[in-house]
Amino acid sequence: MNAATYDVLIVGAGIVGAACALECARRKLRVAVVDLSTIGGGATAAGMGHIVVMDDSDPQFALTRYSQQLWRELRAELPDEVEYVECGSIWVAADDEEFREVHRKQAYYTERGVPVEVLSSGDLEKAEPNLRKGLAGGLLVPEDGVLYPPCAARFLLEKAQERGATIHLGPPVVDIGKGRIRRADGSELDGGAIVNAAGAWSPELTPGIKVRKRKGHLVITDRYPGFVHHQLVELGYLKSAHSVSSDSVAFNVQPRRTGQLLIGSSRQYEADHTEVDHGILARMLERAQQYMPALAETSAIRVWTGFRAATPDKLPLIGPWAEDSTVFLATGHEGLGITTSLATARLLTDHLLGATSAIAREPYLPSRTGSMEHAHA
Amino acid sequence: MPEQIAVTVNGSLVVVAPGTSVAAAMMRAGASCRTSVRGEPRGPLCGMGICFECRAEIDGILHSRSCQILCVAGMNIKTDA
Amino acid sequence: MLSSRPQFDVLVVGGGPAGIAAAVSAAQSGKRVAIADDNPALGGQIWRGETIHSDPSARAWSSQLRESSVELFPGARIFDQPAPGVLNAETMDGSMVFEYGKLILATGARERFLPFPGWTLPNVMGAGALQALAKAGLPIQGKRVVVAGTGPLLLAVASYLNQRGAIVVAICEQASLATLGAFGLRLFEHPGKIAQAWGLHRELARVRLLTSAWPMAAVGNQILESVVMSVKGTQQRISCDYLACGFHLVPNTELAALVGCRLEGGFVQVDELQTTSVPNIFCAGEPAGIGGVDLALVEGQIAGLAASGHGAAAEKLRRQRAKLQSFARSLEKTFQLRPELKRLAAPETIVCRCEDVTLSQLQPHGSWRAAKLQSRCGMGPCQGRICGPATQFLLGWTPDSVRPPVLPVKLRNLTSESHQPKGELTSVM
């Protein structure tokens, strides 16, 4: 088999790999992207496509905000099938305790220049009439949006190809290291740097990285235009055991541009199979019905599962891998892969080129200790 | 002589024999069942509850499969058009 | 809206000929047996509507069913198996859970649709579909109908429509006259079929039968007005009210796949006693091989006897089955799709009707999955049942594996009310 020389070999043609391919190609690097038979076939195919600013930690805020702004800058170029809509998010507070969190978030975001609006109980009813009555209110974040990830990944890859990147779909990658990728059919590609953007499968290629599969379920309904207007997410997760290790569900509903409703979300650690887990699906949908009773009568047309790549401190791994100077990581994005893909690509390429970055990149370094070891396993 | 059944299709009265499906009642009334994603009018294709082209609003429930539902007196049927 | 959890020794899914024969046979030995069917009335497709009362064979079997202890659940749409031996069903006003010791799948078949320009116009539908709608109250007396596609169903439908006063302008069969002639000669091996065929022949004596004929386009402004047929290479335009067009049958194997049955060549793999690869699950009729009503009845009986522990009694039926299976095989060969049919669809012809995806939008992709993710083809409520067989024929794609729910259901039916732990069976074989 022929070996070819590239500046960067990217393993993974999901949203993160695609974004990295475009950024590297844009900055004149010779790029090869390698994956199985389908572009965006992993979490990119399974996830919600929610572009959302999050504030679980300052570094999470910095990365999501930076990336959200990059998506907003890109929106004019996005083709129709990417279905980008800036519908905004509403963080829903069910009671007074959660409403206090609304105020905390409002202060946090306002200090950092993110436009937000506090919604009273009445405001929330007007904004989303299908939510149950009697909720305390919510926080509207108008610059959040949604898109359709498989087409977004494809768009980014096509732009990368226009700038000379090549895509190699086929046998699985079995080994990466020392500037070489080897695939199951024996073929090899050589490059100056290798980027592991293989998401839930990244630990198979770089053993020892702290990424675990976190299974999720989603349900999509038939078309109900106008049923919901914003992506709705509950603040109730505050109450559940502050655990990163057990199964959990949360209310999360998205209006798709088609008028279909996308309903989530669930998280499980010890679930390695792709089959639908009836128990957790039932819990997830019961939770959704508690917030939006009218969902009960909607027609659910498909259910599917996917695996997020989760890290102990909820921050992705972006940067060099200490054990091999040719290997870089761009993985571990958990539920924020779509949101943070563009910023990840910027930071990753800055690392490759020794350039400075628009935000501090230490918190995402694969070599970080502290938070990775002290966090719950 | 079995009792005829009266239903409304998009506000118009349609009288049918017992055992008539909602899809047949809609077709009698000259209504297509739904409008497709690109705006085309559509009617039943498979006649057996699989293709979902016969979806209509029946008594307020959207996306009801009209070919597998029998007319009941007083049913209020609305198509996409 | 109460949920109930009845338990059965033998549960039959599908109330057509195979299912009825299976249930009656299983109930003979005193087992607790039920039929669950998605339609408001039993009969499946071939015995739909008044046929279950008028056809002698149907009448005989449904009378046996009435006299048996089989419990009937019409309007129950099975959508999931949350645990072995447990099936969730959606009903007209709620949901229910069935528990079974043995399962017999008699889920029948559906028509194969091939796209061509204008096929999405209202009043273009399947051949069996027009018959089903007519049986359900669609007026067809005096209406001009073109029946097209392929398969013995076309003749049966044309005969039905003719008897009810429709003007069957032409039957357009894609197979060639030579192929049909060879099939006709083979009928001599199946004397029972000759009488059937002769009856149809007389019935349809004045109806034009065109061979090597297929639709090139359905034409009309918002609704069907005429059809352009290719007949032995020349084009003919025929004005009509309905185009009843179906290209033979594809088996309904989704539930079988969901419960773990192995498929072979697209059909459910079964042994001599209609047992699938899952030891307590049986399959009879079309999902095990398209073979028509007589074979469905024999396979149903075998499955019912086997599932109720009387497989030995099924021995006598094996010769009948072998004969009918040989007939089924020649049926398949005769009505094979000609390669010309691959060119019927134009680039802008819609292939996925749920999501309005055209052929040109599908062609760049190398697989069903890639096409699905990029174009949404197959992501609609039909879950690929219409566009799947079409893309398989046009592009050689095989569809994904099956996930629950195997048909769209109300969201509330996916919640925990349906997921109690399995109760105890009253008798286990």
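This is a predicted model: local features need pLDDT of at least 70, side-chain atom pairs count only at pLDDT 80 or more; totals for chains, interfaces and linings use all residues.
Residues are numbered from 1 along each chain as its sequence is written, and chains are lettered from A and ligands numbered from 1 in the order in which they are written.

Chain B touches chain C. Here, 31 residues of chain B are in contact with 41 residues of chain C; contact means heavy atoms within 4.5 Å. The size of an interface is often given as the accessible area lost when the parts come together. Between chain B and chain C, about 2,800 Å² is buried. Carbon and sulfur atoms give 60% of that area. Buried area is the accessible area (1.4 Å probe) that two parts lose on being put together, summed over both.

Side chains of opposite charge can pair when their charged atoms come close. The interface of chain B and chain C has 2 salt bridges. A salt bridge is a side-chain nitrogen of Lys or Arg within 4 Å of a carboxyl oxygen of Asp or Glu. R42(B) pairs with D356(C) in a salt bridge, with 2.7 Å between the closest N and O atoms. The interface of chain B and chain C also holds 13 residue pairs in polar contact, both residues being at pLDDT 80 or more. A polar contact is a pair of N or O atoms within 3.5 Å; within protein, one must be able to donate a hydrogen and the other to accept it, and residues adjacent in sequence count only if both atoms are side-chain atoms.

On the side of chain B that touches chain C, the elements giving two or more residues are α1 (22-28), β4 (41-42) and β6 (61-65) of chain B. Helices (H or I, at least four residues) and strands (E, at least two) are DSSP runs, numbered from the N terminus. The largest share, 4 residues, comes from α1(B). By class, this side of chain B has 15 nonpolar, 8 polar and 8 charged residues. Ala, Val, Leu, Ile, Met, Phe, Trp, Tyr, Cys and Pro count as nonpolar, Asp, Glu, Lys and Arg as charged, and the others, Gly among them, as polar.

Chain B also meets chain A. In this interface, 5 residues of chain B are in contact with 4 residues of chain A. The buried area is about 420 Å², and carbon and sulfur atoms give 54% of it. There is 1 salt bridge between chain B and chain A. R55(B) and D222(A) form a salt bridge at 2.6 Å, N to O. On the side of chain B that touches chain A, β6(B) gives the largest share, 3 residues. That side divides into 3 nonpolar, 1 polar and 1 charged.

Over all chains, the count is 49 salt bridges. One of them joins R72(A) and E86(A) at 2.9 Å, N to O. This pair links distant parts of the chain, 14 residues apart. R72(A) is in helix α3 of chain A, and E86(A) is in the loop between α3 and β4 (89-93) of chain A.

The model has 4 cavities of 30 Å³ or more. On a 1 Å grid over the protein atoms alone, a cavity is a set of points where a 1.4 Å probe fits but cannot get out, and lining residues have an atom within 4 Å of a point. Grid points are joined across faces, edges and corners, and a volume is the space filled by probe spheres set on the points. The largest cavity holds about 60 Å³. Its lining includes Q60(A), L63(A), K314(A) and H333(A). Helix α3 (residues 58-74) of chain A gives the most to this lining, with 3 residues. By class, the lining has 4 nonpolar, 5 polar and 2 charged residues.

Most residues other than glycine have a negative phi, and most peptide bonds are trans. G264(A) and S265(A) are joined by a cis peptide bond, with omega about -5 degrees. S265(A) is in strand β15 (residues 260-267) of chain A. K178(A) is not a glycine, yet has a positive phi of about 50 degrees.

How values were computed
Side-chain values use heavy atoms; hydrogens and water are left out. On a 1 Å grid over the protein atoms alone, a cavity is a set of points where a 1.4 Å probe fits but cannot get out, and a pocket is an open set with protein on both sides within 12 Å along at least five of seven lines; lining residues have an atom within 4 Å of a point.
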